[in-house]
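Welcome, and please open the model in your viewer.

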Amino acid sequence: YYGDFGYFTRFSESWRDYFSIPYVWTTRAKGIGIYDPSVSSVPLSIIIGFLSHFVTSSTKLIRFVVLIPMALLPPLTSFFLIKHLFKSNFSAFIGTLVYSYNVYILTSQIGSHAPINIAYGLAPLALLFYVKLFEQQRMRWLLGTSIVLLLITFVEVRIFYVVFWILQLYF
């Protein structure tokens with residue numbers, strides 16, 4: 001029902017354990033556990049682990065921290081980026097449809113790659129702030145770009161690499 005995050009929705013205590021020092025061994029799998037080399041998911045797990053102390057239901061927590069951003073970020077951020085670049089509402093609408101509802105994003109949502117989809121939704125915002133940084137050269141756009149890139153790193157470090165190189169090509 002919740003894809004990769006299904007094992008966290010069984011018990012509210014599952015997330016609370018993640019607000020601690022990360023372990024190499026995890027009990028997410030059946031049996032005695034497995035080796036967990038997923039260092040890139042540690043910041044997101046710590047954030048959700050912290051928030052789980054304030055929310056009683058783990059399904060509500062996953063819904064607000066993972067599922068809603070996964071659905072809303074790609075259309076909103078891509079619309080603002082394309083509108084800024086092309087100065088047209090129609091172009092922004094068509095670009096938003098193409099970016100947000102292409103085959104990759106739809107199949108990855110079904111395939112349960114939630115952190116990748118959240119980072120995919122934040123990528124246009126990072127590019128928008130980066131473009132505005134070169135246009136206006138203000139500290140707030142540098143800070144905004146840095147914060148969005150940090151959030152992308154927290155969610156999925158592999159997407160950060162892609163976004164970083166795209167930003168370097170823009171320069």
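What share of the contacts in the chain with a separation of 6 or more comes from residues 24 or more positions apart? The figure is 59%, where contact means heavy atoms within 4.5 Å.

A word on ground rules: this is a predicted model, in which local features need pLDDT of at least 70, side-chain atom pairs count only at pLDDT 80 or more, and totals for chains, interfaces and linings use all residues. Residues are numbered from 1 along each chain as its sequence is written, and side-chain values use heavy atoms, with hydrogens and water left out.

**Whole chain.** Switch to cartoon and you will find eight helices and two strands (DSSP runs: H or I of at least four residues for helices, E of at least two for strands). From the N terminus the order is α-β-β-α-α-α-α-α-α-α. Of the 171 residues, 39% are buried (under 20% relative accessible area; exposed is over 50%, partly exposed in between, with a 1.4 Å probe and protein chains only).

**Aromatic pairs.** Rings of Phe, Tyr and Trp (its six-membered ring) pair if their centres lie within 6.5 Å; planes under 30 degrees apart are stacked, over 60 edge-to-face, the rest tilted. The count comes to 10 aromatic pairs. Select F79 and F80: they pair edge-to-face, 5.9 Å centre to centre with 70° between the planes. F79 is partly exposed at 26%, and F80 is partly exposed at 47%.

Next, select F164 and W165, an edge-to-face pair at 5.5 Å and 80°. F164 is partly exposed at 32%, whereas W165 is exposed at 57%.
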